[in-house]
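Dear colleague,

Please find below the structure that I am handing over to you.

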Amino acid sequence: MWATSGNNNQRGSITIIATEYTLLNRENKMTKTALIKSKKKIALIAHDNKKVDMMEWAKFNIGTLRHHQLYATGTTGRLIEMELGLEITVLESGPLGGDLQIGACIARGEIDFLIFFWDPLAQLPHDPDVKALLRVAAVWNIPIACNRASADFLISSPLMCQEYHRILPDYDSYRQRFNQ
């Protein structure tokens, strides 16, 4: 997708800064990216009415999931660990702050991919947390699947087993807005 040599072709060149890269886009503006390695850091979350869907989906995709680093909120993580024997970093249950913990991991660059089977018909006491999680995933431009169909499309993508340079939005002007 991007040239890795020092030549200045149409796509530009890459300067490596740890796992962050700076690209020159077509307008010769700098674009930062983060490297998503071939072993993805995947967060799994399912609301109560969607846990069966998540379990069936995880069971069907166990061969792929076992090659990645998995994180999950409380009950979802424990169920997948018990039923499928996958190693998972289990955080708090969603209503106890687990959704927010996953969101913080995304903001720190510790989660590459979010599979979140949320229930659009259930009114939840932690709805603001759900909205915050989906918002932070969009803010940091990570792949999100909110149902089995989108999760199937994402996990079966050829990008699942290779490195990917995720474009990082440029929030420098936002961060500096009061420093002028």
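In which loop does D112 lie? D112 is found in the loop between α4 and β7. Please bear in mind throughout that this is a predicted model.

D112 is buried yet takes part in no salt bridge; K41, the nearest side chain of opposite charge, is 4.2 Å away. Apart from neighbours within four places in sequence, the contacts of D112 are I36, K39, K40, K41, I142 and P143.

D99 belongs to helix α4 (residues 98-107). D99 is also buried without a salt bridge, and its nearest side chain of opposite charge, K51, is 8.5 Å away. Beyond four places in sequence, D99 touches I45, T73, G94, H126, D129, V130 and L133.

As to the overall architecture, the chain contains seven helices and nine strands. Of its 180 residues, 41% are buried. Among contacts between residues at least 6 apart in sequence, 63% join residues at least 24 apart.

Five of the strands form an open sheet in the order β6-β5-β4-β7-β8, with parallel pairing. Its edges are β6 (88-90) and β8 (144-145), each of which pairs on one side only. Within the sheet, β4 (residues 41-46) and β7 (residues 113-117) run parallel and are joined by five bridges; I42 has F113 as its bridge partner in β7. Helix α6 (residues 148-155) packs on this sheet, where it touches β7 and β8, and its direction makes about 160° with that of β7.

The whole structure holds five salt bridges. In one of them, R148 meets D53 at 3.6 Å, N to O. This pair links helix α6 to helix α1 (residues 51-60) across 95 residues. R148 also bridges to E56, with the closest N and O atoms 2.7 Å apart; here the partners, again in α6 and α1, are 92 residues apart.

Shared partners, by contrast, join D53, E56 and R148 into one network of salt bridges.

Yours sincerely

Notes: Residues numbered from 1 in each chain as written. Predicted model: local features only at pLDDT ≥ 70, side-chain atom pairs only at ≥ 80, totals over all residues. Heavy atoms only, no water. Helix = DSSP H or I, 4+ residues; strand = E, 2+ residues; numbered from the N terminus. Buried < 20%, exposed > 50% of the residue type's maximum accessible area, 1.4 Å probe, protein only. Lys, Arg positive; Asp, Glu negative; His and termini not counted. Salt bridge = Lys/Arg side-chain N within 4 Å of Asp/Glu carboxyl O. Contact = heavy atoms within 4.5 Å. Pairing = 2+ DSSP bridges. Axes fitted to C-alpha atoms, helices over the stretch in contact; angles between N-to-C directions.
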